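Have a look at the model first, then follow along.

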Amino acid sequence: FDYLFFYHDWIFGDFPDAFFEKVRRAGVRTVAFHPDDEPEHWYARNSAYDHHFDVVASHSSAGTERRRLGGWGERAQYLPWGYNSRTCYAIPEAKKRYDVVFIGKHKVNDAQGKVHVEDGAQREYILVRLAEACERRGWTFRLFGFGWEQHPKLKQFAGGVPSQDEMVRIYNETRVIFNPAWSSDGNPNAVQTKLRHFEVPGCGAFQITNENPELAQLFI
């Protein structure tokens, strides 16, 4: 191989320093992409493994700049999210079936079923309030994604786990996509850019999300 590419953060810890030392001696270059690189909670976790790689790409402009100021220079690459027009697209003839939709998993610990992970507590709290608001107004509300059928209050709104084609259809058949940008619990103002921020408008759909200066720049 000429290059090894590491995408998802959960695998970084599975490869010891000795592995990367052998890779370097073999003349193979290593590239990593950090899909969650802010706020500080995620940046600190990722940066602990950065020494394994020759090039680190990040979806976060702040994370990229921190690495460059720390001596990485051009080996730290800014790679913001986008969307693929072959898999995300508008369907002009689609009729609206839903008023408000959220797509994303119920973020609890799979082993315990009650302990929230990442932004799970904020997500659950606001989705319960949103479901109640939609019910009061007679709006059709649906949740798509893993685990919602197990939620005591939201299971009646669970719509299952859609395929990519089904997700595109849902976007096109929904008036408002609720698409928050939290990345971890504890700070409701700590937001980040996510792939779905680009998939939704790629399908011509309308989304509501948190205020995020980086999104504002990317969408100019």
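Predicted model: local features only at pLDDT ≥ 70, side-chain atom pairs only at ≥ 80, totals over all residues.

Q: Is T30 buried or exposed?
A: Leaving aside residues up to four places away in sequence, T30 touches L4, F6, F20, V23, H52, F53, D54 and V55. Its relative accessibility is 2%, and the cut-off for buried is under 20%, so T30 counts as buried.

Q: How many aromatic pairs does a search of the whole structure find?
A: A pair of aromatic rings is described by the distance of the centres and the angle of the planes. Searching the whole structure in this way gives a count of 15.

Q: Why is the pair of Y7 and F33 stacked?
A: The ring centres of Y7 and F33 are 5.8 Å apart. Planes under 30 degrees apart count as stacked. The pair is stacked because its planes are at 20°.

Q: How many residues apart are Y7 and F33?
A: Y7 sits in the loop between strand 1 (3-6) and helix 1 (17-25), while F33 belongs to strand 2 (residues 29-34). Y7 is partly exposed at 36% relative accessible area, whereas F33 is buried at 5%. The pair links distant parts of the chain, and the separation is 26 residues.

Q: What is the arrangement of the rings of F12 and F53?
A: Their centres are 5.5 Å apart and their planes meet at 55°. Stacked needs under 30 degrees and edge-to-face needs over 60, with the rest called tilted. The angle falls between those limits, so the pair is tilted.

Q: Which parts does the pair of F12 and F53 tie together?
A: Both residues are buried, F12 with a relative accessible area of 1% and F53 with 2%. Ring pairs also join F12 and F53 into a cluster with F6, F15, F19, F20 and Y49. Parts 41 residues apart in sequence are tied together: the loop between strand 1 and helix 1, and the loop between helix 2 (40-47) and strand 3 (55-58).

Q: Over the ring of which residue does the charged end of R75 sit?
A: Elsewhere, R66 lies over the face of Y43, 3.9 Å from the ring centre. For R75, the charged end is 4.2 Å from the centre of the ring, and that ring belongs to W72.

Definitions and conventions
Residues numbered from 1 in each chain as written. Heavy atoms only, no water. Phe/Tyr/Trp six-rings, centres within 6.5 Å; stacked < 30°, edge-to-face > 60°. Helix = DSSP H or I, 4+ residues; strand = E, 2+ residues; numbered from the N terminus. Buried < 20%, exposed > 50% of the residue type's maximum accessible area, 1.4 Å probe, protein only. Lys NZ or Arg CZ within 6 Å of the ring centre and 35° of its normal. Contact = heavy atoms within 4.5 Å.
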